[in-house]
Amino acid sequence: NCQSLRGGEMKMFRVQIAALLLALSCYQTRAKDKMEDENKGDIKKLKTLLKDTVKVDLTSLFTQHNKLEDQAIDVFTKTFEYVDKNIEELNTHLEKRITDFDENTLTNLKLLESNTKDMLVKMNENILLNLEKINDKTMEERNEIIKWAHQRAHLHEDILKTRITACAHDHAHFGKGPVDYS
């Protein structure tokens, strides 16, 4: 910590830092020159290696590549012929299957149409029969409700025809204004 160092110690610390930086700078300059010489030597070695070894290897690889290319073209040609033959066979097979399927579907559709027609006629008859039964039943219930409502109305009318008379006497009333029954 720089704050804990005293004046003289601080100056000594700064001198040491400066000396260390100077030494590092000199070392880097020498190392740079040495690396430059080594790199030039490595470049010459690589140039020789490329001329002598890699050129021969590349020529050999190019020849092998051409052979593999010819083999691949032959394999692809045979594969395409095989695929074309199988596509033709598949096409013939699918055409026959589709024709059979179409005939079967048309037959089934005709049967479905006939069956649906018969079922709709029967359903229509059942619906009409059920509607007649519902109509008859609701007519009976409606007539019963009307009969009950008439009876109830007559009872209410009889009650309303009845008169009720109340007699009251108010001792505080002296014949002026209406009598209060509360």
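Ile-127 lies in helix H1, which spans residues 7–161. Helices here are DSSP runs of H or I with at least four residues, strands are runs of E with at least two, and both are numbered from the N terminus. The model is predicted: local features need pLDDT of at least 70, side-chain atom pairs count only at pLDDT 80 or more, and totals for chains, interfaces and linings use all residues. Residues are numbered from 1 along each chain as its sequence is written, and side-chain values use heavy atoms, with hydrogens and water left out.

Ile-127 belongs to a nonpolar surface patch with Leu-120, Met-123, Leu-128, Leu-131 and Ile-134. Together these residues have about 560 Å² of accessible area. Patch members have over 30% relative accessible area and no salt bridge; nonpolar side chains (Val, Leu, Ile, Met, Phe, Trp, Tyr) are joined within 5 Å, like charges within 9 Å. Areas come from the Shrake-Rupley method with a 1.4 Å probe, and for residues only the protein chains shown count as cover. Ile-127 counts as partly exposed because its relative accessibility is 40%. Buried means under 20% relative accessible area, exposed over 50%, and partly exposed in between (1.4 Å probe, protein chains only).

## The chain overall

The secondary structure comes to one helix and zero strands. The chain has 182 residues, and 1% of them count as buried. It exposes about 18,100 Å². Carbon and sulfur atoms supply 61% of that area.

## Salt bridges

The count is two salt bridges. The rule asks for a side-chain nitrogen of Lys or Arg within 4 Å of a carboxyl oxygen of Asp or Glu. One joins Asp-74 to Lys-78, at 3.6 Å from N to O. Both residues lie in helix H1, four residues apart, about one turn of the helix. Asp-74 has 40% relative accessibility, so it counts as partly exposed. Lys-78, at 52%, counts as exposed.

Lys-96 and Asp-100 form a salt bridge too, with their closest N and O atoms 3.1 Å apart. This pair also sits in helix H1, four residues apart, about one turn of the helix. Asp-100 is partly exposed at 36% relative accessibility. Lys-96 is exposed at 54%.

## Aromatic pair

One aromatic pair is counted. Phe-76 and Phe-80 form it, and they are stacked: 6.3 Å centre to centre, with 25 degrees between the planes. Rings of Phe, Tyr and Trp (its six-membered ring) pair if their centres lie within 6.5 Å; planes under 30 degrees apart count as stacked, over 60 as edge-to-face and the rest as tilted. Both Phe residues lie in helix H1, four residues apart, about one turn of the helix. Phe-76 and Phe-80 are both exposed.

## Negative patch

Glu-132, Asp-136, Glu-140, Glu-141 and Glu-144 form a negative surface patch. Asp and Glu count as negative, Lys and Arg as positive; His and the chain ends are not counted. Each charge is placed at NZ of Lys, CZ of Arg, CG of Asp or CD of Glu. Glu-141 lies in helix H1. Its relative accessible area is 43%, so Glu-141 is partly exposed.
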